[in-house]
Amino acid sequence: IAQRPAPVRDESRLMVLDRTKRAFLHTAFRNLLSFLEKGDILVLNDTRVIPARLKGIKEETGARIEILLLKERSDNSWEVLSRPERRVKAGGRISFNGGRLKALPKERLGRGKWLVGLEYSGDLYQILDEIGETPLPPYIRRDRAWESDRERYQTVYAKKPGAVAAPTAGLHFTEDLLKSLRGKGIKIVTVTIHTGAGTFRPVEEDTVEEHSMESEFYEIGEDSCRVLNERNPESRVVTVGTTATRVLETAVNENGKVGAGSGWTDLFIYPGYRFKVVDSLITNFHPSRSTPIMLTCAFSGKDFLMQAYREAIEEKYRFYSYGDAMLVL
């Protein structure tokens, strides 16, 4: 499990899975260009991770409480994870950075989650940039996030704030690599889906059908849809990450056209799903029992993917968010 990113983003390793030949190839991510063709469409998730981890004090007792902002609702209310949950009480007040930001617990939502109201003056995202921490996943073991995580746990094309987890397949791209891809005639479009903490929640039910995905806000614009819908039949749609994949598969209609718009998606893709838009997938190596690995199993075939994971372990690939990548063709 990678505890830090590669020294240079595109120096990560890339394992290429050829579904037709049932074969693997090992290379560096910077060589992605060799596997894409002119006219292919690369789909990026341009969400931006917010410094959503906040450490504060319960005003009534002085007890320390940590919260993780998860999802914004209306009227400046947020769903949050709290730790330790037992110290949080409805009607209390949690103060951060000397009261610059306050959280007012309203309702217990279960699974350690609360609905809280936020009190502050000014722009919330600017305040978070100044007092919040990067919300690293639990398998990256740090007492606190490093300052360098603010830049490295973020794609170079991150634009729209709202995610509490990075779309990690995109962490390997550099500006130079994107420029080279465009120079080869590969089209690049963006979608937005604000990745939530639910991406780390393992499937605990006895069957996958019983698992419910936590909904995430997504958006896809007219320009991206036009490029996708006007593509040549031989052009491939290559999604960067399971999040971008879920956006396209949510937004496609029965005629195979992708519609512009925004909303919330809880689409859960697991083996047996028939993909309507996506032809190739770039993704990282995911934890077992996670929804991203189930989506990847659905795309590549479970047996073939498990074979690939065994090979990756033998070849000492680095796993999870800061780890290496795979390209499924």
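Grid points are joined across faces, edges and corners, and a volume is the space filled by probe spheres set on the points.

I keep in mind that this is a predicted model, where local features need pLDDT of at least 70, side-chain atom pairs count only at pLDDT 80 or more, and totals for chains, interfaces and linings use all residues. Residues are numbered from 1 along each chain as its sequence is written, and side-chain values use heavy atoms, with hydrogens and water left out.

**Cavities**

I looked up how many cavities of 30 Å³ or more the structure holds, and there are two. The largest cavity has about 60 Å³ of space. Its lining is made by P5, A6, R9, S12, R152, L171, H172, S321, Y322 and G323. I sorted residues by class (Ala, Val, Leu, Ile, Met, Phe, Trp, Tyr, Cys and Pro as nonpolar; Asp, Glu, Lys and Arg as charged; the others, Gly among them, as polar). On that count the largest cavity is lined by four nonpolar, four polar and two charged residues.

The second largest cavity comes to about 40 Å³. I found K58, E60, I65, R87, V88, K89, G92, R93, I94 and P105 around the second largest cavity. Five of these lining residues are charged, four nonpolar and one polar.

I then turned to the open spaces. The largest pocket holds about 780 Å³. It has 31 lining residues, and R53, L68, L81, R83 and P138 are the closest to its centre. Elements here are DSSP runs numbered from the N terminus, helices being H or I of at least four residues and strands E of at least two. β5 (53-58), β6 (64-72) and β7 (77-83) each give two or more residues to the lining of the largest pocket. β6 has the largest share of that lining, with four residues. By class I noted 14 nonpolar, 14 charged and three polar residues in the lining of the largest pocket.

The second largest pocket has about 590 Å³. I listed 44 lining residues for the second largest pocket, with H194, T195, G196, T199 and E216 nearest its centre. Elements that supply two or more residues to this lining include β13 (216-220), α5 (242-251) and α6 (291-300).

**Cores**

For the packed interior I used nonpolar cores (buried Ala, Val, Leu, Ile, Met, Phe, Trp, Tyr and Cys residues joined through side-chain atoms within 4.5 Å). Buried means under 20% relative accessible area, exposed over 50%, and partly exposed in between, with a 1.4 Å probe and protein chains only. The largest nonpolar core has 56 residues, and V43, I220 and L248 have the most contacts inside it. α6 gives the largest share of this core, six residues. Apart from this core lies another, of 23 residues, among them L70, V88, I94 and L118.

**Salt bridges**

I counted 20 salt bridges in the structure, taking each as a side-chain nitrogen of Lys or Arg within 4 Å of a carboxyl oxygen of Asp or Glu.

E151 pairs with R9, with the closest N and O atoms 3.4 Å apart. E151 is in helix α2 (residues 149-152) and R9 in the segment before β1 (13-18), 142 residues apart. E151 is partly exposed at 49% relative accessible area, whereas R9 is buried at 7%.

E214 pairs with K113 at 3.8 Å between the closest N and O atoms. E214 lies in the loop between β12 (187-193) and β13 and K113 in strand β10 (residues 113-120), so the pair ties together parts 101 residues apart in sequence. E214 is partly exposed at 27%, and K113 is buried at 13%.

E216 and R246 meet at 2.6 Å, N to O. E216 sits in strand β13 and R246 in helix α5, 30 residues apart. I have E216 as buried at 7% relative accessibility and R246 as buried at 5%.

Notes:
On a 1 Å grid over the protein atoms alone, a cavity is a set of points where a 1.4 Å probe fits but cannot get out, and a pocket is an open set with protein on both sides within 12 Å along at least five of seven lines; lining residues have an atom within 4 Å of a point.
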